[in-house]
Amino acid sequence: MTNTVVKTNDVFSSKRRLSKEQIKLTWSIFWRTMWLMFCTSYTKQQGITFGWIMIPYLEKIYGKETDEFYEAMSRHQDFFNTTPGMSPFIFAITISMEQERKEALEAGKPFNDASIESIKVALMGPFAGIGDSIYSGAIRIVATGIALGFSQSGSWLGPILFALIYNIPNVLIRYFGAMFGLKLGSTYIAQMLETGMIKAFTKGFTVLGLIMTGAMTAQYVSFKTTYVAEFSGTTFKLQNVLDQIMPGMLPLGITMAAFFYLRKKNKPIRVLLVMFILSVVLTVLGICG
């Protein structure tokens, strides 16, 4: 691996374009973080793979098989868990801080080693919230909503559009996450945590995801009753009555019931089984068909 670690002052300079070494480091972080979920455990989650990803960078900073290298490896095998797509930003910050630590020690200045782990812990929770909101709450739903119509009509564009709409933002987030992590540094992140900017991002993407979920519910969730009865020579159609009250009331009711149950119990298999049983029972009784 080429020497891609650069000086801290260059890394944290947001007024300059990335140097060739910084671009190499950005792409290196981009590719190595793809393996973050390769080895997870119940006790450390992504901690073991986090340490493995850091190996070449720590070797360039501290040298191979040095005491400082092993100390750094020990720091980076503790518990870690965040959305994989957001991890390049955290890795870039961590690598920059390790380089900053090395330069401080060489200059005879004190450096708080615990601050590196503190930044990791402080970032993994908020960035997991942002990442889940972006990937699960926004990108995946938008991609599914666009691709579903093509797939239902039998078009080959369905899966291709889903792959493109989901993965193009994923690639951009990973690359620019690593790039901005190198340029902004730990000081800016501390300011974001203090001002609540990260919470604002999380809430914004959550709202976007809910809007898209509502749009998909109205378009793709279909449930109508076929119950018809005769009262004094007048035909009573239950679905017409429900449509007069509020069109789409049954699909919305089913979706909201499943949503609240999943938030409370988080047992999707049970929800699917209940829906299947109700579908069979209501069909046999002639309420829906």
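User: What is the mean pLDDT of the protein chain, and which element has the lowest mean?
Analyst: pLDDT is the predictor's confidence in each residue, from 0 to 100. In the protein chain 83% of residues reach 70 or more, and the mean is 79. Among the elements, helix 3 has the highest mean pLDDT (89), and the lowest (43) belongs to helix 1 (residues 8–11).

User: How many contacts beyond near neighbours in sequence does the stretch of residues 1–16 have in the model?
Analyst: Contact means heavy atoms within 4.5 Å. Where pLDDT is low, predicted coordinates should not be read in detail. Over residues 1–16 the pLDDT is below 50, and the contacts of this stretch beyond near neighbours in sequence number 40.

User: How many helices and strands does the protein chain have?
Analyst: Helices (H or I, at least four residues) and strands (E, at least two) are DSSP runs, numbered from the N terminus. From that end the order of elements is α-α-α-α-α-α-α-α-β-β-α-α-α. The count for the protein chain is two strands and 11 helices.

User: Which helices do the buried residues of helix 4 pack against?
Analyst: Buried means under 20% relative accessible area, exposed over 50%, and partly exposed in between (1.4 Å probe, protein chains only). In helix 4 (residues 67–75) the buried residues are F69, A72, M73 and R75. They lie on the same side of helix 4 because they cover an arc of only 155° around the axis, taken from the directions from the helix axis to the C-beta atoms. Their packing partners are helix 3 (47–62), helix 5 (87–106) and helix 6 (114–152).

User: How many of the 20 residues of helix 5 are buried?
Analyst: Helix 5 reaches 29 Å from its first C-alpha to its last, close to the expected 28 Å, where the expected span is 1.5 Å times one less than the number of residues. Just after helix 5, G108 takes a positive phi of about 75°. Helix 5 is mostly covered, and its buried residues number 16.

User: Which residue of strand 2 is the bridge partner of E230?
Analyst: Two strands pair if DSSP finds at least two bridges between them. Strand 1 (residues 228–231) and strand 2 (residues 234–237) pair in the antiparallel sense over four bridges. They form a hairpin with two residues between them, and S232 in the turn has a positive phi of about 55°. The partner of E230 in strand 2 is T235.

User: Which residues does W35 contact, leaving aside its neighbours within four places in sequence?
Analyst: W35 sits in the loop between helix 2 (20–32) and helix 3, and its 43% relative accessibility makes it partly exposed. From W35 to W52 the C-alpha distance is 9.3 Å, with 17 residues of separation in sequence. Leaving aside neighbours within four places, the contacts of W35 are T49 and W52.

User: Is R174 buried or exposed?
Analyst: R174 belongs to helix 7 (residues 157–195). Beyond neighbours within four places in sequence, R174 is in contact with F30, T33, M34, P84, G85 and P88. Relative accessibility is 6%, so R174 counts as buried.

Definitions and conventions: Residues are numbered from 1 along each chain as its sequence is written. This is a predicted model: local features need pLDDT of at least 70, side-chain atom pairs count only at pLDDT 80 or more; totals for chains, interfaces and linings use all residues. Side-chain values use heavy atoms; hydrogens and water are left out.
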